[in-house]
Each structure stands twice: as C-alpha cells, then as structure tokens.
Amino acid sequence: MAAKRLTPCPDGSQKCVSTLDTQEYCAMEPVPFTGSAADAKAAVLKVVAGHPRTAVVEDEADYVKAIFKTRMIRFKDTVEFEIDADDSVVHFRSESVPYAGSDLGANRKRMTVVRTALVTALGG
C-alpha cells in the first residue's frame with residue numbers, strides 16, 4: 001500500500017523530492033522500519049524536532065507535516081511524512097513553496113540528512 005496523502009512532485013520540478021516519485025531529480029528512497037508504526041512516527045517527530053527553524057503544523061496518526069525554514073533567506077519548505085504500516089516504510093515529500101524554479105538542491109540535501117537520521121533512529 002503506497003502513501004495515501006503524499007503526491008509525486010510536479011512534472012519537471014527542480015524544487016521537490018519525494019519517495020513516491022520516479023523523476024530523476026525528485027526520486028528518493030523511503031525509510032524502512034521494523035518496529036511499530038507508532039515507534040516510526042515517534043522517530044519522525046524526534047528527527048524533525050532536532051532541526052532548527054522547524055515547526056510541526058499537522059500531527060495525525062500516520063501523518064506529520066512540518067515547515068522547515070531555510071537558514072539564509074527563510075524560504076518555507078513543506079515537508080510531509082506518512083507512515084505506511086502495511087509496507088513498514090516511512091514515505092516523505094519535501095517541496096519549496098511558493099517560488100518557482102530550482103531550490104538549488106536544498107530539499108535533496110535536507111532530506112538526505114533527515115533520511116539518514118531516521119534510518120539511524122529506527123535502528124537501520
């Protein structure tokens with residue numbers, strides 16, 4: 001079962017990454033977990049809380065939405081996580097909004113760090 005809320009990045013996007021996307025620039029791997037979905041969500045919340053300039057704006061049973069502000073210009077990037085208990089993975093999507101164009105790799109860099117922290121937190 002794939003994530004229900006998250007969507008792939010817009011076609012040709014240079015400001016979005018997603019575990020549900022197949023476009024070369026956008027695609028990233030989901031984070032596997034072996035414990036419970038509740039443990040996976042707790043790990044997501046802990047990793048998000050460990051980043052500066054970040055606020056959780058939605059927190060539901062299998063879904064977390066956060067706003068990450070960039071350091072220099074304070075752009076707001078929307079980051080969503082969905083815990084897929086059936087497939088034991090955490091899916092995520094991160095997009096720079098509202099400006100058009102490229103994010104100069106900011107989302108991929110951030111989500112690579114976040115993904116690595118999640119893998120570590122989930123014992124991977």
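I looked up Asn107 first: at 0% relative accessibility it counts as buried (buried is under 20% relative accessible area, exposed over 50%, partly exposed in between, with a 1.4 Å probe and protein chains only). The model is predicted, so I kept in mind that local features need pLDDT of at least 70, side-chain atom pairs count only at pLDDT 80 or more, and totals for chains, interfaces and linings use all residues. Residues are numbered from 1 along each chain as its sequence is written, and side-chain values use heavy atoms, with hydrogens and water left out.

Next I placed the residue. Asn107 sits in helix α2 (helices are DSSP runs of H or I with at least four residues, strands are runs of E with at least two, both numbered from the N terminus).

Which side chain makes a polar contact with that of Asn107? I found Ser94, at 2.3 Å. A polar contact is a pair of N or O atoms within 3.5 Å; within protein, one must be able to donate a hydrogen and the other to accept it, and residues adjacent in sequence count only if both atoms are side-chain atoms.

I then listed the contacts of Asn107 (heavy atoms within 4.5 Å). Neighbours within four places in sequence aside, they are Lys15, Cys16, Val17, Asp77, Ser94, Glu95 and Ser96.

**Strand β6**

I turned to β6. Eight of its nine residues are buried. I checked its pairings (two strands pair if DSSP finds at least two bridges between them). β5 runs antiparallel to β6, with nine bridges. β1 (residues 16-18) is also antiparallel to β6, over three bridges. β2 (residues 31-32) joins β6 by two bridges, again antiparallel.

Pro32 faces Val89. In the β5-β6 hairpin, four residues lie between the strands, and Ser88 there has a positive phi near 55°.

**The core**

Last, I looked up the largest nonpolar core, which has 21 residues. Such a core is a set of buried Ala, Val, Leu, Ile, Met, Phe, Trp, Tyr and Cys residues joined through side-chain atoms within 4.5 Å. Val44, Phe81, Val90, Met111, Val114, Leu118 and Leu122 touch the most other members. At least two residues each come from α1 (37-49), β4 (63-69), β5 (76-84), β6 (89-97) and α2 (106-121). α1 gives the most, five.

I followed Val44. Beyond its neighbours within four places in sequence, Val44 contacts Val64, Phe81, Val90 and Leu118.
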